Amino acid sequence: MVAAPTILLRDDASLRVFDTGQGRPPVVFQHGLGGDAAQVAQNFPDGPSCRRLTVECRAQGSSGAGTTRPFSIAMFADDVLAAADAVGLDRFVAGGISMGAAIALRLAARHPDRVTGLVLVRPAWAFDAAPQNMRPYVEVAELILSRPLDDARDIFAASATAARFRTAAPDNLASLLGFFARANANVFAEVMRAIANDGPGVTRAAAAGLALPTLVIGSGIDLVHPLATARSLADTIPNAAFVEVTPKATDKERHFAEIRAAIGSFLNTNFDKQDQS
């Protein structure tokens with residue numbers, strides 16, 4: 001169950017912040033592009049064994065978009081850090097799924113005094129902005145912004161991109177088609193296009209200089225979150241642990257259970273619950 005949120009006002013945006021659990025270590029854990037706190041709850045270990053902070057990013061979940069532009073991973077990372085400051089969370093493990101992993105990587109690289117550990121689940125970015133695996137998000141966004149929604153969905157469903165995903169990554173295709181049905185489709189399309197063309201702003205050299213416990217989780221049958229991207233991050237960050245889980249397209253329940261188990265084991269192994277603050 002997702003706990004009741006508080007509201008963080010940032011610039012002109014109203015952001016939903018979920019602060020759950022009481023144990024240690026504290027973890028700031030972010031959702032993927034178009035996700036929300038419920039997505040985080042699916043992937044994060046159950047129970048109050050550690051405190052978890054999640055911000056629903058602008059125009060995602062129940063958070064407002066505001067009028068500040070352009071949207072970026074840097075903007076979202078700043079929002080997350082502001083939420084941690086607001087609740088008095090000085091040091092924390094940073095983690096997330098897909099876009100959330102990019103936010104966590106940026107926080108670890110830019111704020112090493114704040115981040116004590118790193119959890120990257122199904123990362124979609126490594127070190128380059130606008131990777132090819134994110135091009136389908138730009139394609140969907142541009143259709144939404146240029147066509148009536150029903151026409152846009154039909155065009156995408158008949159596209160070569162959709163045909164490729166239908167065969168190779170059906171779970172990804174379901175997510176992409178779902179964007180056409182969002183209540184805030186046009187505003188979210190702005191977010192989607194901007195974020196897909198962005199990156200965490202962390203060089204390979206910076207990642208190689210990270211000195212903190214790190215877990216990277218990847219899976220197959222996923223064209224948006226290539227297994228090679230997860231392996232590249234795990235190979236670059238010193239002493240990072242790498243776990244490959246069952247693909248979501250094969251068995252969703254097992255997929256989420258394995259992610260929760262891997263995160264729980266990582267936290268229990270690497271952090272003294274008495275010493276985190």
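Predicted model: local features only at pLDDT ≥ 70, side-chain atom pairs only at ≥ 80, totals over all residues.
Residues are numbered from 1 along each chain as its sequence is written, and side-chain values use heavy atoms, without hydrogens or water. Local features need pLDDT of at least 70 and side-chain atom pairs pLDDT 80 or more, while totals for chains, interfaces and linings use all residues.

The domain assignment gives domain 1 (6–129 + 203–271) and domain 2 (133–197); such bounds come from an automatic or database assignment. Their C-alpha centres lie 23 Å apart. In contact (heavy atoms within 4.5 Å) are 25 residues of domain 1 and 22 residues of domain 2. The two domains bury about 1,900 Å² between them, 65% of it on carbon and sulfur atoms. Buried area is the accessible area (1.4 Å probe) that two parts lose on being put together, summed over both. On the domain 1 side, Leu33, Leu223 and Val224 lose the most area to domain 2, together 36% of what that side buries.

Between the domains there are 3 salt bridges, each a side-chain nitrogen of Lys or Arg within 4 Å of a carboxyl oxygen of Asp or Glu. Lysine 252 and aspartate 171 form a salt bridge through their side chains (3.9 Å, N to O).

Aspartate 222 sits in the loop between β7 (214–219) and α10 (227–236). Helices (H or I, at least four residues) and strands (E, at least two) are DSSP runs, numbered from the N terminus. Aspartate 222 is buried, at 9% relative accessible area. Buried means under 20%, exposed over 50% and partly exposed in between (1.4 Å probe, protein chains only). Its side chain makes a polar contact with the side chain of arginine 122 (3.1 Å). The aspartate 222 side chain also reaches the backbone nitrogen of histidine 225 at 2.8 Å.

Arginine 122 lies in the loop between β6 (115–121) and α4 (135–146). Arginine 122 is buried too, at 6% relative accessibility. Its phi is positive, about 45 degrees, although arginine 122 is not a glycine. Asparagine 239 likewise has a positive phi, of about 60 degrees, but is exposed at 79%. The peptide bond from arginine 24 to proline 25 is cis, with omega near 5 degrees.

Methods: Polar contact = N/O pair within 3.5 Å; in protein donor to acceptor, adjacent residues only side chain to side chain.
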